Amino acid sequence: MSNSTTKYKLLSLKGGIAGVVFPLKEGSNLIGRWDPESGSFPEVNLDSEDVDAKVSRKHAKIDVSENGSATIEDLGSLNGTYINRGPKLTAGVKCKLHIGDEIIIGKVFLKFLEN
């Protein structure tokens with residue numbers, strides 16, 4: 001990691017608390033629910049957003065590279081990951097993210113934005 005500044009963030013649009021901002025660090029950012037029993041400590045903890053319990057403990061991850069590109073990958077979640085209301089992402093396949101993309105994790109709606 002070259003520095004600790006964050007280039008991107010996720011903004012919650014729909015879910016438990018709309019308007020919550022999740023900064024994304026360079027490297028891997030796990031999206032899921034915090035659960036010490038299973039060892040899940042996600043950088044993007046959607047516990048308070050996930051009112052319908054549709055988010056897996058280790059649902060997806062966003063990788064931010066040193067050159068600034070970002071990808072999202074579903075980690076085999078039960079309820080799926082979607083970009084811009086397109087088809088369900090295939091588990092284990094990285095998809096490029098673009099500024100303004102809408103990401104749906106379970107029933108939580110997030111917007112991928114620049115800081």
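Is L10 buried or exposed? In this predicted model, L10 has a relative accessibility of 0%. Buried residues are those under 20%. L10 therefore counts as buried.

L10 lies in strand β1, which covers residues 8–14. Its contacts come from several parts of the sequence. Leaving aside residues up to four places away in sequence, L10 touches V20, V21, F22, L24, I31, V44, I62, I103, L110, K111 and F112. I103 shows how sequence and space can part ways. L10 and I103 are 93 residues apart in sequence. Their C-alpha atoms are 8.9 Å apart in space.

L10 also belongs to the largest nonpolar core, a set of 21 residues. Within this core, the residues that touch the most other members are L10, I31, L46, I62, I72 and I103. Two or more core residues come from each of β1, β2 (21–24), β5 (58–64), β6 (70–74), β9 (102–105) and β10 (108–114). L46 has its own set of contacts. Again leaving aside residues up to four places away in sequence, L46 touches F22, I31, G32, R33, V55, I105, V108 and L110.

β5 and β6 run antiparallel and are joined by five bridges. Along this pairing, K61 stands opposite E73 in β6.

Conventions. Residues numbered from 1 in each chain as written. Predicted model: local features only at pLDDT ≥ 70, side-chain atom pairs only at ≥ 80, totals over all residues. Heavy atoms only, no water. Helix = DSSP H or I, 4+ residues; strand = E, 2+ residues; numbered from the N terminus. Buried < 20%, exposed > 50% of the residue type's maximum accessible area, 1.4 Å probe, protein only. Contact = heavy atoms within 4.5 Å. Core = buried A, V, L, I, M, F, W, Y, C linked by side-chain atoms within 4.5 Å. Pairing = 2+ DSSP bridges.
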